[in-house]
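Let's take a walk through this model together, one chain at a time. Have the sequence and the 3D view open as you read.

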Amino acid sequence: MTDYIQNNSVTSFKVVRSTPASRIGSIIGLILLIILVSFPNWGDRATIRLFVEIFYILALAQMWNLLAGFGGLVSVGQQAFIGLGGYTLFILTINFGIGAIWAIPLSGLICALISLPIAFLVFRLRGHYFAIGTWVVAEVFLLGFAQIQSLGGGSGKSLPIAIVKSISDSRAGREAAIYWTALFVVVATIAIVYFLLRSRHGLALTAIRDSEEASNSLGVDNFKAKLLVYIFAAFGTATIGALIFLTKLRISPSAAFDINWTTTVIFIVVIGGIGTIEGPILGTIIYFLLREPLSDFGTWYLILLGATAVIVMLKAPQGIWGIITNRFDLRLFPVQRRLKLKTDK
Amino acid sequence: MSVLEIKNMTAFYDDFQALFGIDLSIEKGETVAAIGANGAGKSTFLRSITGLVQNNADKFIYKGIDLIGKAAFDIVDLGIAMVPEGRKLFPSLSVEENLLIGAFGQRPGNWTLDRVYQMFPKLKQRKDIAGTALSGGEQQMVAIGRALMSNPDMLLCDELSLGLAPIIIKDIYGALPGIKAEGVSLLIVEQDINQALEIADRVYCFQEGKISLTGKPEDLTKEQIAAAYFGR
Amino acid sequence: MIEWANTIIQGILTGGLYAMFATGLAIIFGVMRLVNITHGDLIVLAAFIAMVVIETTGFNPFLSLIIVLPIMFIIGYFLQRGILNYTLGDDLLPPLLVTFGLSIVIQNVLLEVFSADSQRLKAGAIETSSIQLTDGLSIGIFPLITLLTAVTMIILLQQLFNRTRLGRAFRATSDDPTTAQLMGINHKHIFGLAMGLALGLVAIAGVLMAVRSNFDPSIGPAKLLYAFEAVIIGGLGSLWGTLIGGIILGVAQNIGAKIDPGWQILAGHIAFLIILVFRPNGLFPRTRDD
């Protein structure tokens, strides 16, 4: 590294974050976005529904990646916030008469508040133990909500037809509304993560991930930054959870607080590439491409995913996106600042 | 015949090259000191010999055995023991257990717990407390005793005097002639040049990963050593 | 009154099983600094292996251990040397995500091979026999054996760790794997042996669990959480702490179940969280070293 600089006398350098690929990427992204926004006007119903699922899984993956890949907080219990978000939406719409769409972000905010005392608990556990601690918390919610009879106990509750109708009278209108909401949520999620990581907080986060000790000595307020990430991820995850159960129209503790939410998301992020924004996108595409043909082989599909995640973690911990960037120096969402050297040789 | 013979040894930490072609040999029962400034590569060299740092060489022969690519835990069993920089006692082990773990390889020889306690009587009184609860000097004694428990033919000592009071350093270095008398070859890395010159049969001066000077202490002038040390 | 005494006694006995779950996890963390998310699924795997052994040999569950235990030891050794050793280092992500992935793989392989059916190992009369203490207060023989097994294992492990050459090597390697190599210790082999030992304990735990209650491929994660909670309540300091942690968990669950069957597991988790609030380092925190 030092040799490189010495051997090629550097005349000037600038710190850049945009790359040619990212500029082309933003043009393609814009075109893609126009296609996606107009999709309910010409797409078929089954595909619209599939897209909604892809959007919320991708949004969940971005949130988990922010938490684990950038914040170093490996949580196995994010299903706690998915379920809480879903139940909050049900309570807000049924008991407080709040409009279903507005209840989505409101659920996120309420769950962000709930995440504070949870953070107080799980932040007492370090590193590995944090992971299992978050899982215990999610189990407590699962078992606890099963005891609340007004929410249907263990068998759950359906969203009353009046509330469903309040979104739109027609089924197509409802599905389009939910589609656009889901699209908005996933785009907003990616945009927020992108700008968060480009901000000063983002630099602090990268420092935390790279070395806890070093960032402490650099004077980065480690605990505060982590807490912020945790609360933000709780807000995002709960918002997505509210959206998920608005599309499903029915909620039960075992569906809401299912560990499989987190399992899926972890596999997507690990296989796609942890610690990048592109990784979860790629991982989500791979997940859905494989799922469609393999869904008949339920068990084998999970064995394959699990084994792939293990192998990726051992052999290419940067994931498939990491392999691509190493080979082609390609970055669509450049969040790292890179030093560009101009040399006269 | 040399016990240890090294020709053109190189070592890397990832992309960073730390050693650039070291030649060195040690006779049986000889005491050799490696001196040099901080970062000159002395410690890397010791750690390379023990196998803790990946290295390569044209020749790296110990008692007729090729050591290139051998794992650290196998090299110990061949009779090369090390007193690491900073003592590195095991915190969960008592003083006596720290000594016993040195004999893990069960290599035959003369060193026993009793002989180590004879050499450092202070340790016997404190044998049941945690090794890391001892003073720096006492910890250094445990580290030396622990290395001896493996019955080595060659003992590598990394910065024995670091962070110790002069009177303690005298105690520690006072133990070395007794070890030498057993026929053990000693290779000592030391920043304190006077201490090194006093005990060594020969010295090697390291500078930026290379050897800048070698010879017997009595043949070297202060100016030569200063030049080799600071690179002027 | 006698009813509550009975609840607590049953809870203590249940705690013996949880302590058996936890000792293996505690050893894995103690030596390798690794939190093994697969732990619960390995307990279930041991139970299924025992089931196959019993079906083929006709042994009773206790005797089956002479085959199950070595098998689990070997699985542990090669799991560590073939996979887990490569995840160790400063980064927390690889060990967590690799053991998490393995957990899903093991669960689904078990599901594919043995189906989702609930199974149970039959140990004969010993399962139901009990000692009558007073009216309304009795101690089941089998739960008592489980608790005594846990106590015996902890005593044996302490002897192993404190008095033997191998035990010293475990502790030294745990402290500082690099310096341990300078003692002639092959740290990778030692880690393999530690995982083998832990899975030996898992084998015993799996068989005891499978005689006592139904099991199927999906219950691993629940067992992991119990083991984890017992270890954290105990405070990572000592194996006796882990036993106390298991007992606290067992008692809390039994009290919860007495109030309302739906509260059994929830009460255990809540007891764990309460202890986390008031004693974040557990009841018997590690005092020596880091």
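Predicted model: local features only at pLDDT ≥ 70, side-chain atom pairs only at ≥ 80, totals over all residues.

How many helices and strands are there in chain A? Chain A has 16 helices and four strands. For chain A the mean pLDDT is 84, with 84% of the residues reaching 70 or more. Within that chain, helix α4 (residues 79–96) of chain A has the highest confidence, at a mean of 96, while helix α1 (residues 2–7) of chain A has the lowest, at 41.

The ends of chain A call for some caution. Over residues 1–11 of chain A the pLDDT is below 50, and this stretch makes eleven contacts in the model beyond its near neighbours in sequence. Residues 337–345 of chain A also stay under 50, and here the model has 22 contacts beyond four places in sequence.

Now for how chain A is packed. Of its 345 residues, 41% are buried. If you take the contacts in chain A between residues at least 6 apart in sequence, 78% of them join residues at least 24 apart.

Next, see how the chains meet. Two pairs of chains are in contact, and chains A and C share the most contacts. Chain A and chain B, on the other hand, do not touch: their nearest C-alpha atoms are 8 Å apart.

Where chains A and C meet, 32 residues of chain A are in contact with 33 residues of chain C. On the chain A side, the elements giving two or more residues are α6 (127–145), α13 (259–272) and α15 (298–315) of chain A. The largest share comes from α6(A), with eleven residues. Sort this side of chain A by class and you get 23 nonpolar, seven polar and two charged residues.

Chain C also meets chain B, in a contact that takes 17 residues from chain C and 21 residues from chain B. On the chain C side, α6 (165–175) and α7 (177–182) of chain C are the elements that give two or more residues, and α6(C) gives the most, with six. By class, this side of chain C has five nonpolar, five polar and seven charged residues.

What about the inside? The largest nonpolar core has 257 residues, and those with the most contacts inside it are A46(C), A50(C), A194(C) and V207(C). Helix α8 (residues 187–212) of chain C gives the most to this core, with 18 residues. Zoom in on A46(C): leaving out residues up to four places away in sequence, A46(C) touches V68(C), M72(C), V202(C), A203(C), G206(C) and V207(C).

Finally, turn to chain B and look for its open sheet of six strands. Their order is β7-β8-β9-β3-β10-β11 (chain B), and the pairing is mixed. Which strands stand at the edges? They are β7 (80–83) and β11 (210–215) of chain B; each has a single partner strand, so one side of each is left without a neighbour in the sheet. Neighbouring strands of this sheet are turned by 20° against each other on average, direction ignored.

For one pairing in detail, follow strand β8 (residues 154–158) of chain B alongside strand β9 (residues 185–189) of chain B: the two pair in the parallel sense over five bridges.

Definitions and conventions
Residues numbered from 1 in each chain as written. Chains lettered and ligands numbered in written order. Contact = placed C-beta atoms within 7 Å. Core = buried A, V, L, I, M, F, W, Y, C linked by C-beta atoms within 7 Å. Buried ≥ 20, exposed ≤ 12 C-beta atoms within 10 Å, placed from the backbone. Nonpolar A, V, L, I, M, F, W, Y, C, P; charged D, E, K, R; others polar. Pairing = 2+ DSSP bridges. Axes fitted to C-alpha atoms, helices over the stretch in contact; angles between N-to-C directions. pLDDT = per-residue confidence, 0-100.
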